Amino acid sequence: MAIRQHIHSVAIITVLLIMSIALYNCSRIRFALKTSSTLSTTMTTTYHSKTATFFELAIKYKTDKVTTHHYETQYEKHLTRYRDTFLKFLEIGLGCGMPTVGASALLWRDYFGSRAELHFVEYDKSCGEGWFNRSGVKLNITMHYGSQDNVSFLQHIIGIAKYFDVIVDDGGHMMKQQITSIQTLIPAVRSGGLYIIEDLLTSYMSGYHGKYLDPSTTIGFIKNLVDDIQAASPIRTVTSIGKYVRSFEVDNEICVFNIK
C-alpha cells in the first residue's frame, strides 16, 4: 500500500511539473509575439514626424539647409504653422548635381505631412525622372521640368497649380534665375503666404553674375524693394513686385517675403 501511495504522489508531482513548464513556455511565446508586434509597428516607415524639428529632419535627410547653410531659424519661425495642413508648396531645385539629390523632398514631406501638395521644379529632366522613379513616386509629389528663368515655363506651372502657399527658390542661384522667378511666381502666392529665396551669397560671386553693391543683383533687387513697399515713396514700381509684398525679413543668405 505504501508503495502505491508513493507512486501516486510521484505521478501527481510529475504532472504538476509538466503543467508548470507548459504554462511558462506559453507565457514566453505570448511575450515574444507581443514584442514582435511592437517592433513591427515602431519600425514601420513614416513620412511625418510630428514632433521632430526642422533642424532634426534636415540632419536626418542630409540636406545642406542646416549644414553648409543655416536656414533653420527662419524655417522654424515661418513654416511651423503649415505642418499637417493642406499646404500647396513649390520648391525650385531638386538637387541634381549634388550628392544628396531629393534630400529636401524627403525633408518637406516628413516636415509638412501627407496632406501637403508638394511640387518641384528641376532643370535636369534625366536626373529628375531617375530620382522620381526610384524614390519620388513614394512621396506623392509633382515634378515640373524646365528652366526657372523661362517665363513661359513658370506661367505653365501656375496654370496647372493655380496658386501656392509657399514657394522656395533653391535653384540655380544665378541673378537672372532668382529675379525672373520671383517676378513671375510671386503673383501666384496666396495672400498671407511666403516666397523664400535661399543662397543670397551668390549676389557677391562673379560666377553667378553677382557683384558687391551692384543694383542688378538679387541683393540689389531686395534693397530696391524697401522703397517699393513704402506708401510715401514717390516711385513704387522699381522692382515690379512691391504691390504683392507686405514685408520681408533678410537673414544670412536667405530672404523671406510675406505676401499681402
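Predicted model: local features only at pLDDT ≥ 70, side-chain atom pairs only at ≥ 80, totals over all residues.

Trainee: How many residues of S1 are buried, then?

Mentor: Five of the five residues of S1 are buried, so the strand is largely enclosed by the rest of the structure.

Trainee: Which strand is joined to S1 by five bridges?

Mentor: That is strand S2 (residues 117-122), which runs parallel to S1, and within this pairing Leu90 stands opposite His119 in S2.

Trainee: And what is the order of the strands in the sheet?

Mentor: Seven strands form an open sheet in the order S3-S2-S1-S4-S5-S7-S6, with mixed pairing. The edges are strand S3 (141-145) and strand S6 (245-251), each of which pairs on one side only, and neighbouring strands are turned by 15° against each other on average, direction ignored.

Trainee: What about S4 and S5, how do they run?

Mentor: Strand S4 (residues 164-169) and S5 run parallel and are joined by five bridges; Val168, for instance, has Ile196 in S5 as its bridge partner.

Trainee: Switching to charges: how many salt bridges does the structure hold?

Mentor: The structure holds seven salt bridges, and one of them is between Lys65 and Glu91, whose closest N and O atoms are 2.9 Å apart. That pair links distant parts of the chain, since Lys65 is in the loop between helix H2 (54-60) and helix H3 (72-79) while Glu91 is in strand S1, 26 residues apart.

Trainee: Are those two buried or exposed?

Mentor: Lys65 is buried, with a relative accessible area of 0%, and Glu91 is buried with a relative accessible area of 0% as well. The side chain of Lys65 also meets that of Glu198 in a salt bridge, at 2.7 Å from N to O, and this pair links the H2-H3 loop with strand S5, 133 residues apart. Glu198 is buried too, and Lys65, Glu91, Asp170 and Glu198 are linked in a network of salt bridges.

Trainee: Which residue forms a salt bridge with Asp165?

Mentor: Arg190 does, the closest N and O atoms being 2.8 Å apart. Asp165 lies in strand S4 and Arg190 in strand S5, so the pair ties together parts that are 25 residues apart in sequence. Asp165 counts as buried at 8% relative accessibility, whereas Arg190 counts as partly exposed at 39%.

Trainee: New topic, the cysteines: which ones form a disulfide?

Mentor: Cys96 and Cys127 do, with their sulfur atoms 2.1 Å apart, and the structure holds one disulfide. The torsion about the S-S bond is about -95°, so the disulfide is left-handed. Cys96 lies in the loop between strand S1 (88-92) and helix H4 (103-112) and Cys127 in helix H5 (residues 125-139), so the pair ties together parts that are 31 residues apart in sequence.

Trainee: Last one, what forms the nonpolar patch on the surface?

Mentor: Tyr204, Met205, Tyr212 and Leu213 form that patch, with about 470 Å² of accessible area together. Tyr212 is found in the loop between strand S5 (189-198) and helix H8 (218-228), and Tyr212 is exposed, with a relative accessible area of 59%.

Key
Residues numbered from 1 in each chain as written. Heavy atoms only, no water. Patch = residues over 30% accessible without salt bridge, like charges linked within 9 Å, V, L, I, M, F, W, Y side chains within 5 Å. Areas by Shrake-Rupley, 256 points an atom, 1.4 Å probe, with all protein chains shown as cover. Salt bridge = Lys/Arg side-chain N within 4 Å of Asp/Glu carboxyl O. Helix = DSSP H or I, 4+ residues; strand = E, 2+ residues; numbered from the N terminus. Buried < 20%, exposed > 50% of the residue type's maximum accessible area, 1.4 Å probe, protein only. Disulfide = S-S within 2.5 Å. Pairing = 2+ DSSP bridges. Axes fitted to C-alpha atoms, helices over the stretch in contact; angles between N-to-C directions.
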